[in-house]
Amino acid sequence: AKEQELATGSIDCIWNGLSYSEKRAEDMLLSPSYMTNRQVVVVLADSNINTLADLAGKKLALQSGSTASEAVEANTDFSSSLGEIIKIDNNVKAMMDLEVGGSDAVAMDEVVARYYMTKNEGKFKVLDETLSDELYVIGFRKSDQKLCDDVVNCLKEMQADGKLAEISTLWFDSDITS
């Protein structure tokens, strides 16, 4: 829906966790990567699940249409070992499903997982193994080169004066920008 809103002019850019893909690069003007992200698996802190292999036969929740969903599907050995893949509307609902025992784990963006964990300290852990790495970019209409350049230049200025690292540290407890 976000890509359609961009194309129709309802919004001027997509900046909310937009992962780079060849398809998106064909359809939109993309900024250079401003952050690296990984697809991870989150479990309850007291879970005996510590590796992806420990999820064999278990229930994995994920957000429908997300890059986590793509990462799970691409890892056929892992996805075929699962007992069930539960597709949920959004990550918050997926994490709530995990909390109440509807699933054994959630696949999601590490950035979102770490943020969620800071708001629910001690309830969850992230497995060390990851499903995939990805780059976050900003998407613009192909015709909006000037807007893209202005945003990228602003980010470069913020990086140079330390403001970008400061904001990242405020929200994620470390500088995760690239």
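Which helix gives the most to the lining of the second largest pocket? I looked this up in what is a predicted model, and found that helix 7, residues 145–160, contributes four residues to that lining, the most of any element. The volume of this second largest pocket comes to about 160 Å³, and I noted Val152, Leu155, Lys156 and Gln159 among the residues that line it, together with others including Ser31, Tyr34 and Ser178. Sorted by class, its lining holds five nonpolar residues, four polar ones and one that is charged.

I then turned to the largest pocket, for which I noted about 850 Å³ of space. Its lining is made up of 34 residues, and those that lie nearest the centre are Asn16, Gly17, Leu18, Asp109 and Tyr136. The elements giving two or more residues to this lining include helix 1 (2–8), strand 3 (35–44), strand 6 (105–109) and helix 8 (163–172), while strand 1 gives the most, with six residues. By class I recorded 17 nonpolar, 12 polar and five charged residues in the lining of the largest pocket.

Next I looked up asparagine 37, which is found in strand 3. Is its side chain in a buried or an exposed residue? Asparagine 37 counts as buried because its relative accessible area is 1%, under the 20% cut-off. I found a polar contact of 3.4 Å between its side chain and the side chain of aspartate 109, and a polar atom of the asparagine 37 side chain also lies 3.1 Å from the backbone nitrogen of valine 111. Leaving aside residues up to four places away in sequence, asparagine 37 touches several others, among them Glu110, Ser132, Asp133, Glu134 and Tyr136.

My last entry concerns the aromatic rings, where the count comes to three pairs. Tryptophan 15 and tyrosine 34 pair edge-to-face, at 6.2 Å centre to centre and with 70° between the planes. This pair links distant parts of the chain, since tryptophan 15 sits in strand 1 and tyrosine 34 in the loop between strand 2 (29–30) and strand 3, 19 residues apart. Tryptophan 15 is partly exposed at 37% relative accessible area, whereas tyrosine 34 is buried at 15%. Tyrosine 116 and phenylalanine 124 form a tilted pair, at 5.8 Å centre to centre with 55° between the planes; tyrosine 116 is buried at 14% relative accessibility, and phenylalanine 124 is buried at 5%.

Note on methods. Residues are numbered from 1 along each chain as its sequence is written. This is a predicted model: local features need pLDDT of at least 70, side-chain atom pairs count only at pLDDT 80 or more; totals for chains, interfaces and linings use all residues. Side-chain values use heavy atoms; hydrogens and water are left out. On a 1 Å grid over the protein atoms alone, a cavity is a set of points where a 1.4 Å probe fits but cannot get out, and a pocket is an open set with protein on both sides within 12 Å along at least five of seven lines; lining residues have an atom within 4 Å of a point. Grid points are joined across faces, edges and corners, and a volume is the space filled by probe spheres set on the points. Ala, Val, Leu, Ile, Met, Phe, Trp, Tyr, Cys and Pro count as nonpolar, Asp, Glu, Lys and Arg as charged, and the others, Gly among them, as polar. Buried means under 20% relative accessible area, exposed over 50%, partly exposed in between (1.4 Å probe, protein chains only). A polar contact is a pair of N or O atoms within 3.5 Å; within protein, one must be able to donate a hydrogen and the other to accept it, and residues adjacent in sequence count only if both atoms are side-chain atoms. Contact means heavy atoms within 4.5 Å. Rings of Phe, Tyr and Trp (its six-membered ring) pair if their centres lie within 6.5 Å; planes under 30 degrees apart count as stacked, over 60 as edge-to-face and the rest as tilted.
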